[in-house]
Amino acid sequence: MSLQMVTVSNNIALIQPGFSLMNFDGQVFFFGQKGWPKRSCPTGVFHLDVKHNHVKLKPTIFSKDSCYLPPLRYPATCTFKGNLESEKHQYIIHGGKTPNNELSDKIYVMSIVCKNNKRVTFRCTEKDLVGDVPEARYGHSINVVYSRGKSMGVLFGGRSYMPSTHRTTEKWNSVADCLPHVFLVDFEFGCATSYILPELQDGLSFHVSIAKNDTIYILGGHSLANNIRPANLYRIRVDLPLGSPAVNCTVLPGGISVSSAILTQTNKDEFVIVGGYQLENQKRMICNIISLEDNKIEIREMETPDWTPDIKHSKIWFGSNMGNGTVFLGIPGDNKQVVSEAFYFYTLKCAEEDMNEEQTTFTNSQTSTEDPGDSTPFEDSEEFCFSAEANSFDGDDEFDTYNEDDEEDESETGYWITCCSTCDVDINTWVPFYSTELNKPAMIYCSHGDGHWVHAQCMDLAERTLIHLSAGSNKYYCNEHVEIARALHTPQRVLPLKKPPMKSLRKKGSGKILTPAKKSFLRRLFD
């Protein structure tokens, strides 16, 4: 194991606790910045380019048919590969926190559609779920299992906000463990089913999960209700026959007490657990090797890296798996110095050499932790963000039929459309224009013909006009159709009313008009 300090040249402030890393064919991408994306990178996804112990964050772009992806922190992620060549490398993203401190319950699928020497183009699609939809959460895990030629997503654990009936002003952001239910998610049809297993009694967060074939291993974790880190080791098997799936759980001996640890894969059947917490305010400096052979799991300690004094003395650390047996670590900067970075970063290589794609297996774990500024010191929700994704890609036939229809609707009425010949609204460069906009452009409906949507900014609408039209029920016609609408709805010409001429009494020899009062005075005078 080798530990090396690295420097970040640009956008270092974006790397905060809660981010995730995605590995596509050896290229690592950063996702989950704190705060909404800026004009420099509206997608919020950066290429993490590491060369000679120097890190650069390079912006990436999304395809036109992509949905909006908020910068989620602490989501659950896993990799998988589908049957088609275009589905070879994909990521599933579920849950996490938005910059507004809200929890997401959405599932996104990330894939690369174009890659060249200068930039990478991603496609991001959102999957709608029906059935037993998992509540919004963070600190959980999502994996993909395979059985009898079929695949299924498995979601477990995490934390969520307390029910609204129990939330008060003082404890509005209080969180609780999610119920210990296991969710099976069919990514092809978007169906979710919840299972209650008697072996799983307590909700767990920030655990480590490994998926191989039809089996998932759950290690460690933290129970917020009991404030303990039990030495858990669960084996969950999923059978996918033609009928209803069968899910069973077995409690195994030999578990470890750890939360918020990172899992990285070093060869086909071997993984390394790095760091984590063993007590509420004590980091776990021990590393473990996990071996999976013949449907058996073995956990043993290994030689630890030569931790630097800064890492040893820091109270928190965070990071994520870079794939190929390498992890990215961060610790708080030294506030005693006059000029100090917010965080210092390291790369830890646990593998002797890079793995080939054939050596990878199906693994994953959740991102962990909450921002240190959002919670009390040294709680699990403050622990470092280690997503145990491992360098593998779990297979799934993805979402051909469903999302093709979805994309057709998006092209006609979605936000990311060309609404007119001069439309310049682009998903990759758009920034809020109206104060009423949050994360998508404002639109207005043109009533010409069958109707169509147009961007308010393209129509040069003032914000007051936009609000007025949006609140009312009057028809609106865009710039291209307003003349046609006027011709169709031109009102008939109405002649102005003729005013009767005013009768006047003029004095002889005078062109002046006599008012009634003067006329009455003159009559009395001459009489």
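Biologist: Before we zoom in, how many helices and strands does the protein chain have?

Modeller: DSSP gives five helices and 34 strands in this predicted chain.

Biologist: OK, let's pick strand 10. Which strand does it form a hairpin with?

Modeller: That would be strand 9, with four residues between the two.

Biologist: And do strands 9 and 10 run parallel or antiparallel, and over how many bridges?

Modeller: Antiparallel, over eight bridges, with strand 9 covering residues 107–115. One of the bridge pairs is K115 with V120 of strand 10.

Biologist: What about strand 6, in which sense does that pair with strand 10?

Modeller: Strand 6 is residues 61–62, and its pairing with strand 10 is parallel, over two bridges. I61 has T121 as its bridge partner there.

Biologist: Is strand 10 largely enclosed or open, and why?

Modeller: Largely enclosed by the rest of the structure, because six of its eight residues, in the run 120–127, are buried. Buried here means under 20% relative accessible area.

Biologist: Last one, on contacts between residues at least 6 apart in sequence: what percentage join residues at least 24 apart?

Modeller: For the protein chain that comes to 59%.

Key
Residues numbered from 1 in each chain as written. Predicted model: local features only at pLDDT ≥ 70, side-chain atom pairs only at ≥ 80, totals over all residues. Heavy atoms only, no water. Buried < 20%, exposed > 50% of the residue type's maximum accessible area, 1.4 Å probe, protein only. Pairing = 2+ DSSP bridges. Contact = heavy atoms within 4.5 Å.
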